[in-house]
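Subject: Handover of a structure

Hello,

I am passing on the structure below, together with notes on what was found in it. Please read the notes with the structure open.

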Amino acid sequence: MSIRVRRPATDRLELSDGDYLIVKQDLTAGEYRERMRASTRAVRVTAADGTVTERYEVDRIAAGVAMVVAYLVDWSFADADGAKIHIADQPRAAVLAALDYIASDAYMEVQTAIHVHEDARAATLAEEKKTQTGATGPARTLSSVG
Amino acid sequence: MLDEPRVLVRGKADARGLVKYAYHTAAEVTDFVIMLDPATRRLTLGGTVRSQTAWLASRPLVFVVMTKGGALRWPIDALDVTGGQVRAQLGALLERE
């Protein structure tokens, strides 16, 4: 039996001007699914015979925000008056509103930082998996005896 | 009746209390009340569980109440969820965010 649940862990991502993000190290299956759901949009396609079907395609803009919302736990950002913008434990809609509220360059810095974090974690997990499974080549078999 | 438990925090109609395991939401609680027993200085939480997740079995848990200026957090020392109702013993208020 192997452990398939990760203890929640966060990473601190340093940004410009001394700001930082607190992000989830990894997503759970549920968080990943929610992210995928928020990254797609339904498209109605009408065939030549008039049949209407619904397809889902990736919405590239929504996918960026979905990734940010999935990982973001807290940040150091303040509003124009210097008051902290609270996002920790806030409902998804409030976090989305906060992401809409900040300056566009600040948002892009957040998205880029989380993207880099995700890539780095994927590389780390791939390396860990390789180490756990041992040899990368095919398993050796014993030659017949006798 | 000075020694009777008194209401310390009462969630308004739209108030949302969260039982958290780290950053995971273990349960959403509505109609919640936090009572203080002056005699024992114990804090007791009661409320209705609107939703719960598997994280509710994890420890340690924290009860979080959102406020305009941030959040109030109490460590949960003991928790019982029965029939959609939560009852918990809370520790001292953690540092206000």
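A residue is called buried if 20 or more other C-beta atoms lie within 10 Å of its own, exposed if 12 or fewer, and partly exposed in between. A:Leu15 has 16 C-beta neighbours inside 10 Å, so A:Leu15 counts as partly exposed. Please keep in mind that this is a predicted model.

A:Leu15 sits in chain A, in the loop that links β1 (10-14) to β2 (20-24). Leaving aside residues up to four places away in sequence, A:Leu15 touches A:Tyr20, A:Leu21, A:Glu109 and A:Ala113. From A:Leu15 to A:Gly30 is 15 residues along the chain, and their C-alpha atoms are separated by 28 Å.

Next, the helix α4 of chain A, residues 104-133. Its 30 residues should span 44 Å at 1.5 Å a residue, and this agrees with the model because the end C-alpha atoms are 43 Å apart. The helix α4(A) is hardly covered, with 3 buried residues among its 30. Those buried residues are A:Val110, A:Ala113 and A:Ile114. They pack against β1, β2, α2 (60-71) and β5 (72-75) of chain A.

Now chain B. The largest nonpolar core has 19 residues, and those with the most contacts inside it are B:Val19, B:Leu45, B:Phe63, B:Ile76 and B:Leu90. At least two residues of this core come from each of β2 (17-21), β3, β4 (42-52), β5 (61-67), β6 (70-82) and β7 (85-90) of chain B. Strand β3(B) gives the largest share, 5 residues. Beyond four places in sequence, B:Leu45 touches residues including B:Phe32, B:Ile34, B:Phe63, B:Val86 and B:Leu90. Another core, of 14 residues, lies apart from this one, and among its members are A:Leu21, A:Val68, A:Ala70 and A:Leu72.

Last, the two chains together. How many residues of each chain are in contact with the other? There are 8 in chain A and 10 in chain B. On the chain A side, the residues that touch chain B divide into 3 nonpolar, 3 polar and 2 charged.

Regards

Notes: Residues are numbered from 1 along each chain as its sequence is written. Chains are lettered from A and ligands numbered from 1 in the order in which they are written. This is a predicted model: local features need pLDDT of at least 70, side-chain atom pairs count only at pLDDT 80 or more; totals for chains, interfaces and linings use all residues. Helices (H or I, at least four residues) and strands (E, at least two) are DSSP runs, numbered from the N terminus. Two residues are in contact if their C-beta atoms, placed from the backbone, lie within 7 Å. Ala, Val, Leu, Ile, Met, Phe, Trp, Tyr, Cys and Pro count as nonpolar, Asp, Glu, Lys and Arg as charged, and the others, Gly among them, as polar. A nonpolar core is a set of buried Ala, Val, Leu, Ile, Met, Phe, Trp, Tyr and Cys residues joined through C-beta atoms within 7 Å. The expected span of a helix is 1.5 Å times one less than its number of residues.
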